[in-house]
Structures are given as structure tokens and as C-alpha cells.
Amino acid sequence: MESLQTGDPRFLKRRVKGCSLEVHPTEKALIVQYEVEATVLGEQGEAMVGERKECQKIIRVKSLSGHTDTSSLARKVVEECRLIHPSKLAEVEQLLFYLKNRKHSNEIEETKGMSPGDFTPYTGVELEEASINSIDEYVELLYEDVQEKIRGASLIFQLARNPDNLEELMQNETALGALARVLREDWKTSVDLATTITYVFFCFSSFSQFHGLVSHFKIGALCMNMMEHELKRYELWQDELLKKKKAYEESSQNQNLKKEHEKSFRKYQSLLMKQEQLLRVSLCLLLNLAEDTRTELKIRNKNVVHMLVKLLQRRDEELVMVAVAFLKKLSIFMENKNDMAEACAVEKLSCLVPCENQELLNTTLGLLLNLSFDSTLRCHMVQAGLLPKLSALIADEAQRQLSLCILYHISVDDTFKSMFATTDCIPQLMKMVFDVGDETIEVELISLCINLAANRSNAQLICQGNGLKMLMQRAMKMKDVLVMKIVRNLSQHSGATKRLFLDYVGDLASHISEEEPEEFVIECLGTLANLTIADLDWELVLREYELLPYLTDRLKPGSAEDDLILEVVIMMGTVSTDDSCAAMLAQSGIIPALIALLNAQQEDDEFVCQIVFVFYQMVFHKATRDVIINHTQAPAYLIDLMHDSNTEIHKVCNNTLDIIAEYDESWGKRIQREKFLWFNGQWLDMVQSRLDQEYDEQADTQTENQGGNHGVDGPFVFGEDLLGSTDVMDRPQLFYSTDGLLSADCSIGPEFYTDFTSGELGPAGYMSSSSEQFVQSDRPVSGFGFRPDEHFFLNNYS
């Protein structure tokens, strides 16, 4: 239906429906929401609704103050505004009472989490009450001399400090344009003037809806220029003071130099106070504008990170607080983090930890936490001496969580784990763990303890007194997997620490069953597997707690999660050190099960290495060695894995095959042949290539002499392929050179030829005698041959 005007002949009347009241969010005003309904005549003359429209009216009550009689004012509002029905008088009075008592801040407090601090009018500026109705007069002052400009800007700032006035000020483009122009032209002339105008725009930046206005006048770019200029001035002041101080110290008898230095120092302090106020409000304004990531990128491109890092050395806590907060916001981006590393931010931040200002300390720790994700910056933190400082802060409940998180990140690096033993960190952590009782331990606390337990020195501190006993009691009672991880890390260290676990072998073994949670069983198995103690009777443990059926069932591929199966294999490697236990394992069919598992997990280096290590342990015992050599294909699998790209697998396979070769002549020859072919592959290729070349030359010569008929009976010079069915070790021609340079006693390998011709013929691994082939090395304690104080499973495979 087309919209009707009041002059339409069909128009009867309009009436207001559905009036509602609410307070304005920023101004001293009431908002009246109502609906207008127009009634018209239809074609037959009947009345019908022709138009409905939602409307809004704002009633400003600028005269409202703390002494206003809200009852009288409410009656006046209802009388003058016909939209409000008299029945709503009580509601109007209630809303006016709310407006009267609503907090009107005299300054923007902690807007967007940061405030530039109190603003004190400068000398020469009279304290007079500003009125929004006199805004034009204040703008006129901006065209006078510097003092009048300061006065006009201060009065406008008084208005801007009240959020109710910001919307009206925004509509006054003349005033804002004049302020921006004066700031752009005169900021170098007067720090007072620049600070006052910057405060005005800071008030606008405190609300997101006014950010476009601040950006329109390019106030952010001006603030960056002012900051850069003031930082250069600060450096010049410092140099000048230093020169005067040196001159005074060199001529201490000259009182004039002393007075001049004192005068300059007082002037420096006065200038510094004003400069820091300007820097503070400029940073707060930029921090508010950085809410938009595009604006933040522009600020970052102006080298703001290096400016902020320089400010960390200032004594003004409020300025430092703003700088740290800004750096914390920027630190979530990698480019900014790299700039902070370049500017040595960590070293400067370390001076702020600890400090009496709790808010500054909390913000600083938050920034350090963001930076601690970078390994290089973690190193800087340790070098700056933050480790003992952070350890001391654990006792402060307000800073405990942030401190624990940073310490956890530092503890990730093995290089720094041992440094915790020189602080009071570990006793505090253990006390916190035991004080928790039956409640859940904080994840930051337990994670840090797990990392620290992986170091031998830390483990000794943790186990002091009843440390290990209390950890075991909590782990067994609560079935706490994370506490059990601490215990497992403690168990990997040799010496007195490992022997403490003899008292808990039964507790650990009793929890290895199908009824227990799988994650908890994994940790118990891992702990037992670490107990490589000579006088521990593993056969008795397996029989008493009936572990063998459980372990055998878990070796079947797919019978459980891979993590659990892997722990079972590691456990097998540990118990196989016992001769009687190894025989019991062989009789139970463990070896075929391991071979089947090896086939199923051949792509997983951890599985392969640990299974091969079980074979290595078993070949030391006659009962299991005979089974492996005569009744399984384990040696063949080991030969295939002998040249695996993984260094640890290659090493364990070689050691195992050397032992097999010593006890079985047939396998010894085969292993010797395979090693010869591998280590001398390039040598054999060279010899074969030379023989092929000689054969081709002889064939060509006889073809020419006999008219095209070959005089060579076969395709090989020696009647068969060089690497054919005859054992390669029985081929003496392989050890002669065509030049007669090498002897035939097999004592000189291809490395001689390599040195002679200055070429590269491959690995110098040629075996000259059987005594060199099977050199017995020390028996490692695990599948990777790690030292006891190292981790078992690191992702360092090639």
C-alpha cells in the first residue's frame, strides 16, 4: 500500500501506539520508542489501517545533576512530551533517578584494559568549568598563541572526559578538525599542547565506534612521529647529562660545574615527567586503535616494537606498564616476536621480575609466557637469570600459574633441566603435589614435575626422604596416570635412585592386568621395563603375578593399542637379561609372536628396534639362542635389517648377528658374505665392470679375426657370473687388480685403491679377517643403547 500523507482525502487520523521508554547508553537522555498508526477510508467507506511506522524520540535532560529533583523533572517531561502517557510518570521518574546516579567518570578509567593515568593541568592553565554550549568559544582559542591554545584544548578535554559529550563533540567537525590541525602543526612547539590534544583523541579511541574518527585525522601516525622524536630527545638529554657529570667529576673542586650539573638534572627531571606523560597517552591511544589487526600492522611497520623495548628501562611504572601491555598484545605474532628477540627484550624484562606493582608483574609474566614458546628466547631467559626468580614466584599464589607455565616451557629443553636442581623449585613443587590431597593436581604443576623427573640430579631431589613413597602411594590409590609418569621417569636413572624401586616391584606388577585402565598399565609396564637391576629375580616376578599370559596375549598385532604393545616388547627386552626367564619366554612361544609382530610393524622404527633388541638379549642364553637360530627365521630378518637407515636399528642388528655368527658356522658364512657384499659393493661393481669391458674387447677382437664368429664360449670371462652361485668369499680373483698392485691375501680392502686413485669407492667397511668381523661390544641396557639418564624414545630417526 502506498504511503499516505496528511493531505490525502482518504486520511482520517494518526495515533500513537506501543510507547516504551529507555535510557540513552552514553548521553543524559531518555529514548522514547513508539509506533504511529494511520487510519484511512476504504473504497466502500469503511475504516482501515493504512500505514504503520516505528519511530523514536530522544529527550535530552542536560540540566540533570546530583541536586536535581527527579520527581519535578519527571512531571515536566511528561507534560511537555505528549508521546508519554501520564500513567508512565513513575517509570519516567525511575529512569531519571537512574540517569542521575549513573556514574559519569571524570576520566576514562581502564578503557580497553589500559589508562594513561591522571592528567594534571599545566602551569598557567586556569581551572575553569567547561560547558558544551561554549564549544565554539574554545575552538576560537585554538587560533591564538600557544598558551591560549593550551587553554582551549584543556577545556575541550574536560568535555571529552565525560563520555556523554563524545557523540556531540563528534558531530562538531570544526572543533575536531581544529584540534587535529593544531596537533599536526605545533606538537614540536609545546609538549603541554601535544599532550592535551592527544588526551582528547584518546578519549575518543576508548570506544570502538569512534576509531574511524581518530583514523580519519591520522592521529595514530602523528603519535608514532611524536614517540620517535621524544625518544631521540631522551637520548640527547642522557648524553648531555653524562658529559656534564664527567666534567664535574674530573674537576670536583669547581663549584660552578657542580651547580650547572645540578641545574641540568632538575631541568631534565621536569622535562622527563612531561615527556613520559605524552608517551603514555600516545601509547594508550595506539593500543586502543590496535584493536583492528590492519591498524596494528601499520603500527608495527613503524618500528613500534623497538620503541617499546626502549621504554622498558624507564622508571615511570605507568609508562612501563603500558609498554609491556602493548608488547604482550604484539607478541602473539611471529614477526613481532622476532623483533623483540632482536631488541633483547627478555634481558630488559628480567629486571621487572619481581616488582612490587602486582599488575605490572602479572603483565610482564604474561609477555614472558608468550615469548617462552620460542626456544631461542627460552635460552635468553635462562641466561638473564630468570630461572631462580620464577622459582621464587611459585610461592606467590597470584603469580603461581604464569610462573609454572614459563618454567614448564624452560624444562622442555634438556639443556636446562639440570639447572632446576640449583634452585628451590623442586622442594616447592613436591610440597604442592602432596598438599593437594585427593583433589586433581593442576596440569601445569604435574607437567613440570614430569619433565624435571627426567633429569638425574632432579630425580635425586624428588626421591629425597619419602618423596618416592608418597608419589607411589598417590599413584596407586588414585590410579593417577600423570603421577605415574613422574615415577616412570624417575625409574630410568641408574644407581641409588633405581634401587629404591625394588620395594615397589610388587605394587607395579600387581596393577598389570586387564581390569586396570590401559593408560595406567602402560606406565606401570614402562616403569618395570626401566628396572635393569642385576639382582632382581624376573622369573619370580612373572610367576608370582602371572604376568606371562598377559604379556603373551598383548604381543598379537591388534590385540591392544600400539603404545601398550610397545611397552610389552620393551618389558620383554628387560626380563630377557635373566637366563631362566629367557628360557621360560622361549618355551611360551614368545619368539614366533615377536616375528609376527615384526612383520606387522615393520614400518615403525620404535617397534623394529625394540623387537630386535629382544632378540639381542635372547642370543646371550643357550636355550633361547638355539631356538632363534635353528627354529625361526629371525636371523634372516636381522640380515634384512642389518643395513636399515635408522642408526640404532643398524647397530643392534649388527651386534646380534655377530653373536649368531660366532655360534653357528652356516649362518656365520652367510652373514660374512652379506656384510662383504654390502661394504664392498662399489669395489665389486668396479671389478665386474672391468671384467665386462675385457670380455667385450676380446669378443670384438675374435670377431674381427674369425669373420664375425665369436670365439668366446660363454658370456663371462670366468665361465660364470662374478656374483653367481659360487661363494663370493671363495673367488680369489676379486682380490687381484689387473695392474698387479694389490696382493691376494685379502688383507687390503678397497680403501687402498681409494687412496691410490684419490677416488671415492664407498664405505671403508671391508673386513680383512674374522677377528675384525666379530668385535664384541658392551651390552647395552636398552634397544637404543641409551645411557640410563637419557630418554628412551626420541624422534631422532632418519
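**Figure 1. Cys351 and Cys203 in the predicted model.** Cys351 has a relative accessibility of 61% and therefore counts as exposed, the threshold for that class being over 50%. Cys203, in contrast, has a relative accessibility of 2% and counts as buried, since residues under 20% are placed in that class. The model shown here and in the following views is predicted. A disulfide is a covalent bond between the sulfur atoms of two cysteines. The structure contains zero disulfides.

Figure 2. Ser391 belongs to helix 18, which spans residues 386-393. With a relative accessibility of 0%, Ser391 counts as buried. When neighbours within four places in sequence are set aside, the residues in contact with Ser391 are Leu407, Thr423, Asp424, Cys425 and Gln428.

Figure 3. Gln94 is part of helix 2, formed by residues 89-101. Its relative accessibility of 58% places Gln94 among the exposed residues, because values over 50% fall in that class. Between Gln94 and Thr70 the C-alpha to C-alpha distance is 8.3 Å, and the two residues are 24 residues apart in sequence.

**Figure 4. Packing of helix 31 with helix 34.** Two packed helices are described by the angle between their axes and the distance between the axes. Helix 31 comprises residues 562-575 and helix 34 comprises residues 605-618; their axes come within 8 Å and cross at roughly 20°. Helix 31 is therefore roughly parallel to helix 34, as angles under 35 degrees are classed in this way. The crossing of helix 31 past helix 34 is left-handed.

**Figure 5. Residues in the contact between helix 31 and helix 34.** In the left-handed crossing of these two helices, helix 31 contributes Asp562, Ile565, Leu566, Val569, Ile570, Met572 and Gly573 to the contact. From helix 34 come Glu606, Phe607, Gln610, Ile611, Phe613, Val614 and Gln617. By residue class, the contact of helix 31 with helix 34 consists of nine nonpolar, three polar and two charged residues.

**Figure 6. The chain as context for the close-up views.** The chain has 798 residues, of which 49% are buried. Its secondary structure amounts to 41 helices and three strands. Of the contacts in the chain with a separation of 6 or more, 68% are between residues 24 or more positions apart.

Notes: Residues numbered from 1 in each chain as written. Predicted model: local features only at pLDDT ≥ 70, side-chain atom pairs only at ≥ 80, totals over all residues. Heavy atoms only, no water. Axes fitted to C-alpha atoms, helices over the stretch in contact; angles between N-to-C directions. Helix = DSSP H or I, 4+ residues; strand = E, 2+ residues; numbered from the N terminus. Parallel < 35°, antiparallel > 145°, perpendicular 65-115°, else oblique. Left-handed = near helix turned anticlockwise from the far one by under 90°. Contact = heavy atoms within 4.5 Å. Nonpolar A, V, L, I, M, F, W, Y, C, P; charged D, E, K, R; others polar. Disulfide = S-S within 2.5 Å. Buried < 20%, exposed > 50% of the residue type's maximum accessible area, 1.4 Å probe, protein only.
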